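Open the structure in your viewer and keep the selection tool ready. This tour goes stop by stop.

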Amino acid sequence: MRKIIAVLIFAAMLLPIAAIAADWQPARPVEFVVASGAGGGTDIFARTVQSIVLKHKLMAQPIVVLNKGGGSGAEGFVYVKSATADPHKLVFGTNNEWMLPLVAKVGWKYDELTPVAAMAFDEFLLWTRPNAPWKSASEYVADAKKRPGDMRMGGSQSKDTDEVLTRMIEKASGIKVMYVPFKSGGEAAVQLAGGHIDSNTNNPAENIGQWKGGQGTPLCVFSKTRLPAGPKVTATMGWSDIPTCKEQGIPIEEYKMPRDVFLPGGVAEGVLAFYAQMFKKVSETPEWAEYIAKTSQSSQYMAPADLKAFIKADEERGRKLFEEQGWLVK
Amino acid sequence: MFENLPLLMNGFAIAVSPYNIMLMIVGVFLGILVGVLPGLGAPNGVTLLMPLTFGMNPVSAIILLTSMYWGALYGGSTTSILFNIPGEPSSVATTFDGYPMAKAGRATEALTTAFMSSGFGALFGVVMVTILSSWATGFALKFSPVEYFSVFMLAFGSFVAFGGGSPIKTVVSLGLGLAWAGIGMDTVSGSMRLTYGFTELSRGINLLVVVIGLYGIAELCQTMQESVGSMEPVASKLSPREVFRAALAMPRYWIALLRSACIGLWMGITPGGPTAATFMSYGVGRRFSKAGARFGTGHPEGLVSSEVADQAAGSAAMLPMLALGLPSSATAAVLLGGLMIWGVTPGPTLFAERPDFVWGLIASMYVSNLVCVIMALTTVPLFAAVLRVPFSITGPLIVIVCLVGAWTVGSNMTDIWMVLAFGAIGYFMSRLHYPVAPLVLAMVLGDRTEDAFRQSMILAKGSIWVFWSNPLAGTIITVALLCFALPGFTALWRLASRRR
C-alpha cells in the first residue's frame, strides 16, 4: 500500500512537469522565415498565417516575417537549420525542403529540420496561350506528338516543381517539349499571355489574372477529381469546369505541392506540440478558408508525424525520377 | 487619349480624403527616414509596414505603402549626395555628380536640384501612366526574352560606350561585376555556381552589400587619406533662399529633364527597372549634352539626368506591375505580395474590375509626390547642416550606419564581412583609376541579361539571328551594338583624319 502511495505521489509530482512541457509558450518574438522572395506563393502563405495568428491572438509573442529566398529558398532553410533547437524560428516552404538537396549542393539534408505541419496543397494546371490551335489537353498532346521538341513549355526555375511535372507529362504521354525556365511562375504567365510560349504548368493563383483577361486558358488540372465549384472566373467558366488531365488522356493521377512549415532540428516535444496545435487552429478559421478559396488550393492539415511520413515517401519518389533524368547531385 | 480623365477624377475623389492624406504624410515621412538609412531601404521598410495594412481597405493600404516607397526614393538620394552612400541601388548614379557638389560646399543646391528633379520625373511618369495606361500594357506583352536581352544590351551599351576613362579598365570592371552577379543559384541550369562549397554564397551576393561597401566604406577610406591633418567640416550655405535659387534654376536644364524623363519612362514600361534607367540616362546625357564633358565633376545636369530617370521609371513601372503582375524592382515585388493579401489580383482585367483601386492609386501618386517634394525641400537645410559636423564625428557614425545597413539586408554576419571586403576593393579600384560604376551596372543587370540570352537561345534552338527576327528586337539590338562600336569608330575616324 505504502509503495502504491509512493508511486502515486511520484506520479503526481511528475504531472505538473508534463503539463508545463505541453503548455510551452514562446518567450521571445517568433521569426517566420520565408524560403522565397517577397510576393511569391510561399510569401503570401506565410503572411496570411501571420495575419490570422495576429487577428485571433493565437500567440502572445509578436511575429517577424523574414524573406530569405536566395538560392531558390536555400538561404531560408540553411538559416533555420543552423539555429539548432531554437524554438523561435520557423521556416515556411514547399516540397523544396526535400527536393532541393537532391539536385543542388546546399547546406542541409531534408531530415535535419523538424516538420511541423502541412496546411494546404497547391494544384497544378496545364495552361495554354490565347488563340492556341488546340482546344483541349488531348489535342495539345496530339499536336506535340507530331512535332517533338517544338512545343514551348515555360515554368519557374530548373529542376523544380514545374520542370518535374513537365518531365512527368513527357513520360506519361510519350511527347517531347522544349522547357524554358523563368525566374517565377508570374513571369511564365506573362510570357504565355504574350504568346511567346505555348503552355505552362502554373498554380491557379499564378495564372488567374491572365485567365480572367483572356490571356491564357486552362486545359486540365493534375488532380484526382475536378476542383470545387466556386464563382465563375470568366463569363462562361469556373474552376470546376476544367477537366482533370486523366480525363483528357494524360495518365498522371495527381500532382500537388504542399505548403508546409518546419522548425530547426532538436527542438523539444512541447515546442512542436504548441506550433502544431497553433497551425491546426489557423487552418480552422474562416480567414484561412477564404485564402484557400481565393488561391484555389486544397486545404489539408497534416500533423507532424503524417507530414514526416509523407516527406519520406515523396523524397524517395523524387530521388527515383531525378536519377532517371540524371539530375541527382553527387 | 482623354478617355481616362473622368476615371482619374474619380480616383482623386477616392484618394483625396483627410484619412488618405494623413496616410500619405505618414508614409512619406517614414519613407524618407528608411531611405536615409542605407540597407534598410524601401523594400525592407515596406515589408515591415505590411502587417499593419492587413486590416485596411486596399486603396488606403496601397496609398500608405507606395507613399513610403516614394519617400524612400527621395531619402536615398540624400545620403548619396551627402556621404556618397547610395541608400538604394537606383541612386548610385546620383552620387556621380551629387557627392562632388556637396564636397564643394554646394550641398543645398545639390539636394534641391535632386528633389526638384525627382518631383518632375515622378510627375512626368504619372501623367504618362494616366495617358498611356491601355497602350502600355499591350506593348509590354510584346516582350519575350529576346526583346528583354536587347533592352538590357542597350542599357549596357548606352552607359559603357559613352563613358570616359580607359576602355580596358572599364572592361575589367564590367567583367568582375558579371562574375559576381553569377554567384549562387542559376535559373537556367538549376544548379549552384561559383560557390566553392561555401553555403553562405549559395544565396548570391546582395547588390546593396556591394553598393554600401564600394561607395560608403571605400569613400571613407579615401576621405581619411586625403584629409589627414585637416578634418575641416565642409561649409555650405543653409539659407532657405539658397533652396529657392536652386529651384528657380531648374528650367535651365529643360532638355536634360525631358530627355531623362523619356528614358525613364521607356525603362519603366519595358520593364528594365529604375536602376538601369538611371545609368542609361546618365550615359546618354554625358554623350549628348553640351555639358557632358563636365559630368562627374559636380555638374547639376548629371544629377538631373539620374534623378529624373529614377523617378520616371519608378512611377511608370506601376503599369506593368498592375496590368501584368510583373514587378520591376524589389519594392514592387513586395507590393505585389500585398495586393494578393488584400484580395486584388493584378492582371489585364484589373483596370476594368477595380477602377476605384487602380485610379485611386494613380491619383494618389500625383498627391503623394507633391507631399514628397514639399517635405523633402523643407528638410534640405537640416540635412545639409549635417555636413557642418566635423568628420571625426560623422566618420565613425557613417561606419556604424553602413554596417547596420549591411546587417538589415539579410540579418547575416557574412554580409558585414563582405561590406568590409568590398570597401577595400572599392578603395583600391579608385586608387588605381578603375571605374566602379560599370561593376555596379553589371551586377544589376548581369544576371537578368544572362537569363534572357540563354532563354532566347533555348527558344530559338541556338540561332543568334533570333535577335533580328522582328522589327522591335532588331532595332533595339542594332542600336545597342552601334553604341558598343561607337568608341571604336570615333578612334578610327580620328586616326583617318589625322593621316589626311
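Helices and strands here are DSSP runs, numbered from the N terminus; a helix has at least four residues and a strand at least two. One caution before you start: this is a predicted model.

**Stop 1: a loop with a serine.** Select A:Ser72. You are in the loop between E2 and H3 of chain A. Check the backbone angle: phi of A:Ser72 is near 55°, a positive value in a residue other than glycine. Is A:Ser72 buried or exposed? A residue is buried if 20 or more other C-beta atoms lie within 10 Å of its own. A:Ser72 has 30 C-beta neighbours inside 10 Å, so A:Ser72 counts as buried.

**Stop 2: another serine.** Now select A:Ser296. Its loop runs between helix H10 (286-294) and E11 of chain A. A:Ser296 is not a glycine, yet phi is positive here, at about 50°. A:Ser296 counts as partly exposed because it has 19 C-beta neighbours inside 10 Å.

**Stop 3: the sheet.** Show the strands of chain A. Look for an open sheet of six strands, in the order E2-E1-E3-E10-E4-E11, with mixed pairing. Which strands form the edges? They are E2 and strand E11 (298-302) of chain A, and each pairs on one side only. From one strand to the next, the twist averages 20°.

Strand E4 (residues 113-123) of chain A pairs with E11(A) in the antiparallel sense, over three bridges. Pick A:Phe121, and find its bridge partner in E11(A), A:Ser298. Strands of a sheet pair through backbone hydrogen bonds, either parallel or antiparallel.

**Stop 4: two domains.** Colour chain A by domain. The assignment gives domain 1 (8-122 + 258-325) and domain 2 (125-254). Their C-alpha centres lie 29 Å apart. Where the domains touch, domain 1 of chain A gives eleven residues and domain 2 of chain A gives 13 residues. The domain 1 side of this contact has three nonpolar, seven polar and one charged residues.

**Stop 5: the partner chain.** Bring chain B into view. How many residues of chain A are in contact with chain B? There are 47, in contact with 41 residues of chain B. Among the elements that give two or more residues to the chain A side are strand E2 (63-67), helix H3 (74-81) and helix H7 (185-193) of chain A. Select H2(A) to finish: the largest share of that side, seven residues, comes from H2(A). By class, the chain A side has 16 nonpolar, 20 polar and eleven charged residues.

Notes: Residues are numbered from 1 along each chain as its sequence is written. Chains are lettered from A and ligands numbered from 1 in the order in which they are written. This is a predicted model: local features need pLDDT of at least 70, side-chain atom pairs count only at pLDDT 80 or more; totals for chains, interfaces and linings use all residues. Two residues are in contact if their C-beta atoms, placed from the backbone, lie within 7 Å. Ala, Val, Leu, Ile, Met, Phe, Trp, Tyr, Cys and Pro count as nonpolar, Asp, Glu, Lys and Arg as charged, and the others, Gly among them, as polar. Two strands pair if DSSP finds at least two bridges between them. Axes are lines fitted to C-alpha atoms, for helices over the stretch in contact, and angles run from 0 to 180 degrees between N-to-C directions. Domain bounds come from an automatic or database domain assignment. A residue is buried if 20 or more other C-beta atoms lie within 10 Å of its own, exposed if 12 or fewer, and partly exposed in between; C-beta atoms are placed from the backbone.
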